Amino acid sequence: MEQNELNRELIRFIEKSPNSFFAVKTAAEALDKAGFTYLFEGDRWDLTPGMSYYTTRNSSALIAFRLPEKDLLGFSIMASHADSPCFKLKPNFELKAEDRFLKLNTERYGGMILSTWFDRPLSIAGRVMIKTETGVESRLVNLDQDLLVIPSLAIHMNREANDGFRFNPQTDLLPLCGVSSDSLKTLIAEACGCEYEAILDTDLYLYNREKGTLLGQEGLLCAPRLDDLQCAFASICGLIESKPGRSAAVCALFDNEEVGSGTKQGAAASFLRDVLKRIADARGFSEEDFLRSQRQSFMVSADNAHSVHPNHPEKADPTNRPYLNGGIVIKYSANQKYTTDAVSGAIFRAICEKAGVPTQTFANRSDMMGGSTLGNISNTQFALNTVDIGLAQLAMHSAFETAGANDTAYLVKAAKALFCASIESNGDRYEITYSQE
C-alpha cells in the first residue's frame, strides 16, 4: 500500500476507534475481512495448523494469531494497547448549573495534558449494559456527533491563564452539553436500540471529534489517540500481511495501559499467557514443552516514543535523540521501565535490518523519570526476551498528537518481518529464520 494511503487508512482506523472498545471492534472487522476466525474464550478451541484466529476479552482487548503449518517452535509476539487518556463519565453524570446549563460529571482516565481538551468538539462513546427479557446484554454506542465542549474561562476572568495556571478537573474541566438532559438520554437510548429505562450501567468516555490529517509536504501526521493506535494499527496490518514460519505469529492489543494495566484485560493479566497456553495445548505440548517454548519466543512491546521537541531540544538525552520519520525507536532504561537489553535489542535490530527499516534509540535524561509500558508488565505472566519500541511523536497524551507519516510504514514492515520470523536459541546464540524471503 502506498504510504499516504496507508496513513489515510490509519486516520480512518483512529476515527472509527474513539476508545478501546471500538479499537477492538475495528481491528476485529479487519481480521474478519482477512479470513481470521473468531474464538470465544468460553468455548473449546479446535485449532488447525496453518489457520488464523482471534479472541477478545472484555470487548476492549484482543489477541490475534496465525499458526504455523508444521511443528510449533515458539511465539513471535507484538503487543500494543488500545486505550488513550480521556475523561470517563461518572455514574449519575448529569449536573445542572444556573438552572440553564447541563454539564456532565467526569473523571480523568490516564494522564492527559488537560489544557488540550478545552474548546474542542467532543462526543461520547463506550459500552452500555442493557436489561433484556433473558438477562443482561452489552452494547457498544457511539453518539457520533458534536455534543460537548469544555469551555475555557476568558482571559479577562483569569489573568493567570498563561502563567502556569493549575486546572482543577472537578471544576475547570467538566464538559458543557449542547442538548438537554432528556435529549441526551434519548440519544444514548437510540444508539443502544432500547428505552433509556432498560440501561443498567455504562462505561462511557468523552472523545475528541477532530479528524486526523497529513500536514503539508514534510511528512507530519496529526490525529487524536496516535498513542497507541498508530502501533496497534501497524501491528494488525503486519499480521494480516504475514505468513508464519516455525513460530506462531501473535498480535496483542491490551486495554488499560494508561492506568497501570492491572485489569483482567490489561497486560498484567493472564490474557496473553492463556491464549499461548491454549495454542500449545492444541499442539499437544506438555507443561514442560510450554515452558521450553518461552526460550524460543520473542516479544516486541510497541508503544509510541518521545521525539526530540523542536522548541525544547534540551529535554532529550544528549546522545539518544529520536526524531519524527527517523525510523523505529528502540527504548532503553537502566531501571527496566523498558525491557530492552543487549539480547532483545540486537535481535530486533536484526529483524529491522531484514525488513529494510531504520532504527533509532531513546533513553530518558538521567535527571528525568520516564513512564513504563507493556513489556515488563506482561513478562510477569510469560517471561521471554522482549524489546520495547515505539514510533517517535510529539505532544504525547495531548488530545491531538503529532507523529511522522513515514514511520507508520516502517512499523508495518517490521511487524511483518517479526511475524514471519522464528528465533531459535541454544543459550548464547540466536538463529533467526524467516518464512518469506
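Modeller: What follows is a short talk about the terms and the values behind them, and the model is a predicted one.

Colleague: What makes the overall dimensions agree with those of a compact globule?

Modeller: A compact globule of 437 residues would have a radius of gyration near 22 Å, and the protein has 22 Å, so the two agree. Along its principal axes, the C-alpha trace spans about 70 × 60 × 40 Å.

Colleague: Why is the set that includes Leu62 and Phe298 called a nonpolar core?

Modeller: The name applies because such a set holds buried residues of kinds such as Leu, Ile and Phe, joined through side-chain atoms within 4.5 Å. The largest nonpolar core has 56 residues, and those touching the most other members are Leu62, Phe298, Ile328, Phe348 and Ile389. Apart from this core lies another, of 37 residues, including Cys86, Leu122, Leu206 and Ala399.

Colleague: Which residues is Ile389 in contact with, leaving aside its neighbours within four places in sequence?

Modeller: Among them are Val300, Ile328, Ile330, Phe348 and Leu411, and also Ser301, Asp303 and Lys331.

Colleague: How many of the residues count as buried, and what does that word require?

Modeller: A residue is called buried if its relative accessible area is under 20%, and 52% of the 437 residues of the protein count as buried.

Colleague: What share of the contacts between residues at least 6 apart in sequence join residues at least 24 apart?

Modeller: That share is 75%, in a protein whose secondary structure comes to nine helices and 22 strands.

Notes: Residues are numbered from 1 along each chain as its sequence is written. This is a predicted model: local features need pLDDT of at least 70, side-chain atom pairs count only at pLDDT 80 or more; totals for chains, interfaces and linings use all residues. Side-chain values use heavy atoms; hydrogens and water are left out. Buried means under 20% relative accessible area, exposed over 50%, partly exposed in between (1.4 Å probe, protein chains only). Contact means heavy atoms within 4.5 Å. Helices (H or I, at least four residues) and strands (E, at least two) are DSSP runs, numbered from the N terminus. The radius of gyration is taken over C-alpha atoms; the globule rule is 2.2 Å times the number of residues to the power 0.38.
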